2 protein chains.
Amino acid sequence: MSEKAQKAYDEMVKRVKQINLLQSCGSLLGWDERTYMPRNGAGNRAEQQSLLAGIAHEQFTSPQINDLLCQVEGSDLVSDSLSPAAVNTREIRRAYDKKIKIPKELVEEISKTITLAEQAWVEARAKSEFPMFAPYLSKMIDLKRREAEAMGDKKEADDALLDDCEPGGNVENIKKIFADLRKDLIPLVEAIAHSSRKPDISILRRNYPVECQEIFCKAAATAMGFDFNGGRLDVTAHAFCTTIGTGDVRILTNYNPNNLAQALFGVLHEAGHGLYEQGLDQQYFGLPMADSVSLGIHESQSRMWENIIGRSRSFWECFFPRARQIFWEALNGVKLDDFYFAVNDVRPSFIRVTADEATYNLHILLRFEIEHAIFNNDLKTNDIPGVWNEKFEEYLGIRPPDDARGCLQDVHWGAGLVGYFPTYTLGNLYSAQFFAKAKADLGNLDSQFARGEFKPFLGWLRQNIHCHGRRYNASDLVKKVTGQPLNHSYLIDYLKTKYSALYGI
Amino acid sequence: MSEKAQKAYDEMVKRVKQINLLQSCGSLLGWDERTYMPRNGAGNRAEQQSLLAGIAHEQFTSPQINDLLCQVEGSDLVSDSLSPAAVNTREIRRAYDKKIKIPKELVEEISKTITLAEQAWVEARAKSEFPMFAPYLSKMIDLKRREAEAMGDKKEADDALLDDCEPGGNVENIKKIFADLRKDLIPLVEAIAHSSRKPDISILRRNYPVECQEIFCKAAATAMGFDFNGGRLDVTAHAFCTTIGTGDVRILTNYNPNNLAQALFGVLHEAGHGLYEQGLDQQYFGLPMADSVSLGIHESQSRMWENIIGRSRSFWECFFPRARQIFWEALNGVKLDDFYFAVNDVRPSFIRVTADEATYNLHILLRFEIEHAIFNNDLKTNDIPGVWNEKFEEYLGIRPPDDARGCLQDVHWGAGLVGYFPTYTLGNLYSAQFFAKAKADLGNLDSQFARGEFKPFLGWLRQNIHCHGRRYNASDLVKKVTGQPLNHSYLIDYLKTKYSALYGI
C-alpha cells in the first residue's frame, strides 16, 4: 500500500516538476520580452507564451494528476503533515482544485478582457478620464466575481481572490489589522508632515552616472548575499525579479542618471526577492516545497532589505563612504546624517509606486477598502473617483488634482488583479515583525550591518523562512517564527522609533 | 474529397506550426545560454531544452501527423507540385519519414555519445593528443553509420547524412565537383603564396575600440538591409545567427579590440544568414515554405555578403571613408587600396575558421575526403592524423606541426556532424554562381555598392531565393536561378579575377 503511494507520489512529482520546467521556459520568454526582444518580435512572443501556458495548463489539469493525488492522499507517506511529501501533496491538491474549478471559457474571457482593459487604461490614464476606463473595470469586476464564485465557498466574496495571492489569508482578518494600522498610522504621518525638520532631498537628484550606479547596486546586492553566479542584473522599464530555474534568478531595474534612489532602492528591493528565491531548497525545485509562501511573504523579504535594512543608518555607515568614492562629484561634502535623512524623506504624495515606506501603507489601505467595497456591491464603479479622492484627503491630507494622479494610476484592477494590493502592506507588516524577532535572536544587527556583515542575518532568513517553501501558510509562518500572530504594532513601533528621531516628533 | 483534404491539410499546418513554435522557444533558450545566462543556470537550461525537444519530437512523430499526411497526399490540393500546399506536404512527409525511421534508442545513444565525445575532444585538443579522442570518434562513426542505414537506401553510405544537411544532395556529385575545384584551386593558391606582393595586415591589428566596432558593424548590417526592429546584435564566444520567430532574428559576434576583421566580417557573415531568415515568406512561418533550403544555400547567403560583397573594393569605396571617421586613430593615413588588400590577405594557414576565402575551400575538401573515406571503411580512425597532414601539405604546401592545429581543430565529427563540412564549400560555390547571375540581371553592381545601394541586390535575392523557402532543393534552385547546374568555374573565375589583380599573378 505504502509502496503504491510512493510510486504515485514519485510520478506526480515528476509530472509537476516537468510542468514547472515548462513554465520556467515561459519565464525566460517574459524576461527577454522586457529586456532584449526586438520590437517586431512581440506578436510571435505572445504566441510562444500562450502555447507554453496552454500545454502547462492542460498537463496540470489532466485527470491523471487527480488520480495520483488520490493515491497519495491518506497514505502513510503524508501522515506527517509537515513532511515535504505531505506539503507537496497538500499544495498540489490546492492548486489542482482551484485550476479545475474555473471554467475554461471564463479563463479565456478574463484573458481577453485584460488585454482590452489594459489598453483602455493606458489611454484613460493619459487623458485622465476615468469614464473611458469604467466600463472595462465593471466588466472585469463581474468576471472576477464569477471566478471567485466558481472557486469557493469562502466567507467574503473576495476571499477566494485574496487566497490566490495570500493562500490561507482572509479578508476579515485583513480588515481588522488594516483598521488598527490606519488608526495609528494617520496621526504619525500627519505629525511628520507638520514637522519643521525636512531633509535636503536635492542631494539625491544630482549627477549619478548610470555606469557608476550599476557598479554600486551590484556591489550592494553582492554584499547582501545575492549570488551573481546564479543570477543577473539587467535594465528594464519597471523593476522586477524573475526566476528562470535553479541557479538562475534575475533582477531588473531602471536607472535615472539624476536620481540615485530610484535604481538603488529598486535593486535592494528586487535583490530581497532574489535572495528569497535563491534561498529556497533547490532539491525541491519545481515543487511547492521550493515555492514561496505568498505574495505578502515575498514582499516582506524585499521590503525588509529595501527599507528596514537599506534605509537604516547602520547600512549607510557601511555604504556611504563607498558611495562617496564612486559618486564623488554628487556627494562631495555631503554628511552621512544628511544623506541618511534624504533617503528617509516622508511626505504625502499622490503616486503609490514612489511613496515612502510610511505613507505607502495609506495608499494601500485606501485601495483595499475600495476594492473590497466594489467587490461586495457597496460601491459602484462610477463612484470610485469621488470616494478615492475623499479618502485620500482624509488619510494623507492632500487631494488628487486629477484621476491620473488618483484612481487611474495603477493597472492592477484592469489587469484582473483583485486581492493583490493588500499583500503590499501585509509584506510591510510581516517584515517588521520578522525583523524584530531576528534582532532579538541575533543581537546587535546594527553593528553587524555597519561592518557590512549580512551573512548572519541572511542565514536567519534562510533557516526560519526560505527553507520551508510552502510548508506553512503566511499566518502560520508568522506565528512559528515570531511566536505570535501578525500584529500591526511592530511596523508602527519601527516607524515611530525611526521617524521620531529623524523628524523630532 | 477535396474538402476533406483541405481540412486535413489545415489541421496538419496548425500542428506543425505549433511544433515549430515550441522549438522556437528552445531557440531563445539557446540564444540566452550563449549570451546572458548566469553560469550556474547551465544544468537547469539543459533540462529545459531537453523537455522542449522531447515534447516537439513526440508531437511531430505522432501517428496523427502520418494520418493527416496520407489524407492530403494524392489529393487535388497537392496536384501542382510547386504550390505552397504541395511543398509543405512534401517536406513534412520527408522530415516525418526521416524522424520515424531512426530508433529512439539510437537517438539517445548518439546524444549521450556527443556529450562524451565533445568532452574528450576538448581535452584531446588542449593536449594535442589524437589517441585520446580516437575511440569516441570511432564510436560516433559507428553510430552515425547505423543512423544512415536506418534512414535509407541511398547509393553512398554517407548520402543519408549529407541529405540531412543538404536535402537532395548526393555524395557522388559532390566528389565530382570538389575534384574539379581542387584541380583549379591548388595552383591558384600556390601562385598567390609565391607572389612577392603581400598586404600589410598590421593595418587590421591596431587599436579598434569595441564600442566603435559595434557602431560600425551595426551600420554596415543596416546598410545591407538587416532590420534591427526585427533583430539584434549581441556578443557571444562563437558568432552565430538564430531565429526566435517572425520579427525576431538575432545575430551574434565576438569583438577583439586589436583585430577589426574578426567581428566585422563575422557580422557581415551572420547578417547574411539573418537577411535570408528575414527574407523568408513570413505568412508561412513555421512551415517548410518559410524554411531555408539547406545548409549550403544558407551558407551561400552569408558567404556572399561576407566575401563577394564585404571584401569587394566597391564595398570599401563606400565604407572606408566611414571607417576612417570612426577608427580615426588606427586608419589615420591608411589608403583605401592598402586596406582593401589587407582584408583580402590570402595565405596557407592551419586553422579553418580563420582561413581566407580562397584557401578555406582546401580545408573543406580535405575534410570531406577524409570523412568520406572513414565512413566507407577506406580509412581507419587511427590513421586520420597521418592522412590529414599528408593531404594538408599536398593541398596547402604546409604541414600541421601538431594535431591541435591539424585533425583535432574541429568539433564537428565528435558532435555527430557528418556531411556538414561539404556544405561550407557548397555555399561558396553557390554564392559565386548566384552572384554572377545577379550581376548579369542587375547591371553594374559595383557602382551600386560603392554608393551604398544594396536594396536592388537584396531584392534580387529575396525574389529569386528567399521567397521560395523549400520549394526547390538546392540543385534545382541553382538551375532555376542561374539556368544551369552547379559549376565550380564561377568560384574559380571570381577568385582568379580578384586575386590576379591583387597579387599580380
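The structure is a predicted model, in which local features need pLDDT of at least 70 and side-chain atom pairs count only at pLDDT 80 or more, while totals for chains, interfaces and linings use all residues. Residues are numbered from 1 along each chain as its sequence is written, chains are lettered from A and ligands numbered from 1 in the order in which they are written, and side-chain values use heavy atoms, with hydrogens and water left out.

**The sheet and its strands**

- Chain A holds an open sheet of three strands in the order S1-S3-S2, with mixed pairing; strands (E, at least two residues) and helices (H or I, at least four residues) are DSSP runs numbered from the N terminus, and two strands pair if DSSP finds at least two bridges between them.
- Because S1 and S2 of chain A stand at the edges, each with a single partner strand, one side of each has no neighbour in the sheet.
- From one strand to the next the twist averages 20°.
- Strand S1 (residues 231–235) of chain A runs parallel to S3(A) and is joined to it by five bridges, with A:Gly231 opposite A:Val249 and A:Leu233 opposite A:Ile251.
- Strand S2 (residues 240–245) of chain A pairs with S3(A) in the antiparallel sense, also over five bridges, and here A:Gly245 stands opposite A:Asp248.
- The hairpin of S2(A) and S3(A) has two residues between the strands, and A:Gly247 takes a positive phi near 75° in this hairpin.

**What covers the sheet**

- Strand S3 (residues 248–253) of chain A is mostly covered, six of its six residues being buried, where buried means under 20% relative accessible area, exposed over 50% and partly exposed in between (1.4 Å probe, protein chains only).
- A:Asp248, A:Arg250 and A:Leu252 are buried on one side of S3(A), and A:Val249, A:Ile251 and A:Thr253 are buried on the other.
- Helix H10 (residues 260–279) of chain A lies across S1, S2 and S3 of chain A and runs at about 165° to S3(A); axes are lines fitted to C-alpha atoms, for helices over the stretch in contact, and angles run from 0 to 180 degrees between N-to-C directions.
- Helix H2 (residues 42–60) of chain B also packs on the sheet, where it touches S2 and S3 of chain A, and its direction makes about 70° with that of S2(A); contact means heavy atoms within 4.5 Å.

**The two copies**
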